[in-house]
Amino acid sequence: MLAGADGKAAVALQFLIFTVCRTNEVLGARWSEIDRPRAVWKIPGERMKMDEDHSVPLTAPALAILDEMRDGSQGDLIFPAVGDEPFSDMAMLAVLDRLGYGHVTVHGFRATFATWAEECTDYPDGVREAALAHKYKNETMAAYQRGEKLEKRRALMADWAAYVTGSNVVSLRADTG
């Protein structure tokens with residue numbers, strides 16, 4: 001089961017699932033980007049695929065992960081491999097492989113979120129797309145839609161956290177037999 005898996009890479013994967021961010025965004029996450037009082041992770045544009053700043057609302061489970069990782073002795077990286085060096089992009093895949101899910105991709109969790117949001121919720125497409133840090137493909141729409149939708153995304157992410165921690169989810173655990 002992922003929640004009981006050992007190691008910082010496993011914890012980073014859990015954080016990725018709760019935030020639906022990309023692998024490199026999570027592995028490069030820094031304490032200086034976390035606004036704990038507002039429960040927001042502010043990722044600077046230079047670390048984003050679209051080169052634009054992105055604010056991620058942090059749910060209770062994501063905040064609990066941050067609390068678990070914060071021990072006061074580390075550098076600025078939240079999920080350092082050794083010292084203050086980031087994990088490689090393969091670290092989370094290795095976690096999945098150890099759990100018996102080598103056929104699963106890390107990016108697949110973002111796809112699962114998108115499918116869940118589309119099929120199981122009434123949130124507008126723009127809220128889902130903003131959560132995934134996607135740009136509007138339609139230039140006219142992009143010109144008029146400039147808001148962050150942060151509070152709407154906060155509600156969406158809270159529902160996602162409830163979904164992935166609920167009884168309706170298959171546990172990611174290694175086969176024992």
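**A first walk through the chain**

Mentor: Of the 177 residues in the chain, 42% are buried. Keep in mind that this is a predicted model.

Trainee: How many helices and strands does the chain have?

Mentor: There are eight helices and five strands. Starting at the N terminus, their order is α-α-β-β-β-α-β-β-α-α-α-α-α.

Trainee: And the contacts with a separation of 6 or more, what share of them comes from residues 24 or more positions apart?

Mentor: Such pairs account for 63% of those contacts.

Trainee: Staying with H1, at what angle does it cross H4?

Mentor: The axes of H1 and H4 cross at roughly 100° and come within 9 Å. An angle from 65 to 115 degrees counts as roughly perpendicular, so H1 and H4 are roughly perpendicular to each other.

Trainee: Which residues make the contact?

Mentor: From H1 they are Ala9, Ala10, Ala12, Leu13 and Leu16, and from H4 they are Ala91, Met92, Val95 and Leu96. By class, the contact of H1 with H4 has nine nonpolar residues, with no polar and no charged ones.

Trainee: Now H5 and H8. How far apart are their axes?

Mentor: Helix H5 (residues 108-120) and helix H8 (residues 150-165) have their axes 11 Å apart and pack at an angle of about 110°. That makes H5 roughly perpendicular to H8.

Trainee: And what makes that contact?

Mentor: H5 contributes Phe109, Thr112, Phe113, Trp116 and Ala117, while H8 contributes Leu156, Met157, Asp159, Trp160 and Tyr163. The residues of the contact of H5 with H8 divide into eight nonpolar, one polar and one charged.

Trainee: Aromatic pairs next. How many are there in the whole structure?

Mentor: A search finds seven aromatic pairs. In one of them, the rings of phenylalanine 113 and tryptophan 160 have their centres 5.2 Å apart and their planes at 85°, so the pair is edge-to-face. Phenylalanine 113 lies in helix H5 and tryptophan 160 in helix H8, so this pair ties together parts 47 residues apart in sequence.

Trainee: Are those two residues buried or exposed?

Mentor: Phenylalanine 113 and tryptophan 160 are both buried.

Trainee: What about tryptophan 116 and tryptophan 160?

Mentor: Tryptophan 116 and tryptophan 160 form a tilted aromatic pair, 5.3 Å centre to centre with 55° between the planes. Tryptophan 116 is in helix H5 and tryptophan 160 in helix H8, so the pair ties together parts that are 44 residues apart in sequence. Tryptophan 116 is buried, as is tryptophan 160.

Trainee: Which residues do the ring pairs link into a cluster?

Mentor: Phe113, Trp116, Trp160 and Tyr163.

Trainee: Change of topic: the loops. What is the phi of valine 20?

Mentor: Valine 20 has a positive phi of about 50°, although it is not a glycine. Valine 20 sits in the loop between H1 and H2 and is buried, with a relative accessible area of 1%.

Trainee: And alanine 39, where is that found?

Mentor: Alanine 39 is in the loop between E1 and E2. Its phi is near 55°, again a positive value in a residue other than glycine. Alanine 39 has a relative accessible area of 12%. Buried means under 20%, so alanine 39 is buried.

Trainee: Last one. Glutamate 33, buried or exposed?

Mentor: Glutamate 33 is buried, with a relative accessible area of 7%. Its place is the loop between helix H2 (23-27) and strand E1 (34-35).

Trainee: What does glutamate 33 touch?

Mentor: Leaving out residues up to four places away in sequence, glutamate 33 touches Gly28, Val40, Trp41, Lys42, Pro44 and Arg47.

Definitions and conventions:
Residues numbered from 1 in each chain as written. Predicted model: local features only at pLDDT ≥ 70, side-chain atom pairs only at ≥ 80, totals over all residues. Heavy atoms only, no water. Helix = DSSP H or I, 4+ residues; strand = E, 2+ residues; numbered from the N terminus. Buried < 20%, exposed > 50% of the residue type's maximum accessible area, 1.4 Å probe, protein only. Contact = heavy atoms within 4.5 Å. Axes fitted to C-alpha atoms, helices over the stretch in contact; angles between N-to-C directions. Parallel < 35°, antiparallel > 145°, perpendicular 65-115°, else oblique. Nonpolar A, V, L, I, M, F, W, Y, C, P; charged D, E, K, R; others polar. Phe/Tyr/Trp six-rings, centres within 6.5 Å; stacked < 30°, edge-to-face > 60°.
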